[in-house]
Amino acid sequence: MKRVLGGLLLALCVVMSGLGLNAGFGLAGAQAQSQNQGQAQRQFVPLVRAGENQTGMQQTSGQVSGEEASAASGSGTGLDYVLAPNDRVRLIVFGEADLSGEFVIDSAGMASLPLVGEVPAAGMNLRTFQREVERRLRNGYLVDPRVSAQILNFRPIFVLGEVKMPGEHPFASGLTLLNAVAQAGGFTPLANTQRVFIRREGSAGEEEVVVRSGVPVMPGDTIRIEKSAMFIYGEVRTQGEQPIPPGLTVRTAVAQAGGFTELADTQTVFVKRAGSDQEIAVPFDSGALVQSGDTLRVDKSSFFIMGEVASTGEFPMRPGLSVTTAAILAGGFTTRADTRTVFIRHAGEAKEKRYRLTNDLVVKKGDTIRVPERFF
């Protein structure tokens, strides 16, 4: 009886062990099948063309090479950069080397990509462009595409006007106005260093900005530096175009031009404003400010003396100068001079007049004095 019961128990243990083993194998198989299905869902399944081997084109999108990951995660990708024709973009479709590469946006603003064809790009920033490429790949090509876009060459900027190297210059990420000017060689001596004009790409008009640190410059911008200069001529030592530093007055403008000549009128400077045909007489010490485009003229304040004096010629005026003192400036009368009479032709007059030589006879600006010879 004990042997029968022992046999029954042994048989029962064998049956139960078999059932547990089958259950374990069933659970493991279900897990393996689930993993295989998940991988199949992540596989790249392109549309099959005639004569192509679909199986040979299948890859796992989760496999990313070290080079692709480095390129995709590199700094300076500029996802806010707005694309335009002639931009070159690097696209990385993770795990799909055949779909990755460098692409140029054509004149129509399109990027021609593998499988999906032409994709609008101009006017989009890189982030939006990435999403658009992902959307198109998801529509019948990839189940879960991941795309990274990186700009390879930025559109240049243009710096014009009063810089030492005007023209086209490369753009770099984080470029500011002062950096752009420095890249163009810096301001010329005649540049307006306070305000410049920027025309943003795609804009019809310019905006005037104050020159300071941190003003951003974008690809395709045109920067124009205006001239801030005045022109000075006449009785100054250095005639011509001169810069206008902040706070330039008539007095400091003359000093900047080397100062007056010996024959200059040191009391008045004539100023013609930009766009005006009229000159304004400005007192030299008035503190009047010089404006960009002004023309300054320093007149002569002199007289001529000829005849019976030791040195004939042109001499500078002095306030209250008498004819007798003028003759002394000219070296004095000769022994043949008539010291009782002189002839004077005033500025603007065609004929000379005879005057009795007295201490009260004063020389005027522009006078021509002739000391006659005596005959007895």
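**Arginine 370 and its partners**

I began with arginine 370, which is partly exposed at a relative accessible area of 27%. I keep in mind throughout that this is a predicted model. Which side chain meets arginine 370 in a salt bridge? I found glutamate 352, with N to O at 2.7 Å. Arginine 370 belongs to strand 20 (residues 368-371), while glutamate 352 lies in the loop between strand 18 (341-345) and strand 19 (353-356), so the bridge ties together parts 18 residues apart in sequence. I noted glutamate 352 as partly exposed too, at 38% relative accessibility.

**Arginine 224**

I then turned to arginine 224, whose salt bridge is with glutamate 226, the closest N and O atoms being 3.3 Å apart. Arginine 224 is partly exposed at 25%, and glutamate 226 is partly exposed at 31%. I also looked for a ring under this arginine and found phenylalanine 197, with the charged end of arginine 224 sitting 4.6 Å from the ring centre.

**Other salt bridges**

How many salt bridges does a search of the whole structure find? I got 24. One of them joins glutamate 208 to arginine 195, at 3.8 Å from N to O. That pair links strand 9 (residues 207-210), which holds glutamate 208, with strand 8 (residues 195-199), which holds arginine 195; the two residues are 13 apart. Glutamate 208 is partly exposed at 44%, and arginine 195 is partly exposed at 41%. I also wrote down a network of salt bridges that links Asp265, Glu279, Arg297, Asp299 and Lys365.

**Aromatic rings**

My count of aromatic pairs came to five. In one of them, tyrosine 81 and phenylalanine 154 have ring centres 5.0 Å apart and planes at 80 degrees, so I logged the pair as edge-to-face. Tyrosine 81 lies in the loop between helix 2 (66-73) and strand 1 (88-93), and phenylalanine 154 in the loop between strand 5 (147-153) and strand 6 (157-161), so parts 73 residues apart in sequence are tied together.

Is tyrosine 81 buried or exposed? Tyrosine 81 is buried, with a relative accessible area of 6%, whereas phenylalanine 154 counts as partly exposed at 24%. Phenylalanine 154 also pairs with phenylalanine 171: the centres are 5.2 Å apart and the planes at 65 degrees, so this pair is edge-to-face. Phenylalanine 171 is buried at 12% relative accessibility.

Definitions and conventions
Residues are numbered from 1 along each chain as its sequence is written. This is a predicted model: local features need pLDDT of at least 70, side-chain atom pairs count only at pLDDT 80 or more; totals for chains, interfaces and linings use all residues. Side-chain values use heavy atoms; hydrogens and water are left out. A salt bridge is a side-chain nitrogen of Lys or Arg within 4 Å of a carboxyl oxygen of Asp or Glu. Helices (H or I, at least four residues) and strands (E, at least two) are DSSP runs, numbered from the N terminus. Buried means under 20% relative accessible area, exposed over 50%, partly exposed in between (1.4 Å probe, protein chains only). Rings of Phe, Tyr and Trp (its six-membered ring) pair if their centres lie within 6.5 Å; planes under 30 degrees apart count as stacked, over 60 as edge-to-face and the rest as tilted. A charge sits over a ring if NZ of Lys or CZ of Arg is within 6 Å of the ring centre and within 35 degrees of the ring normal.
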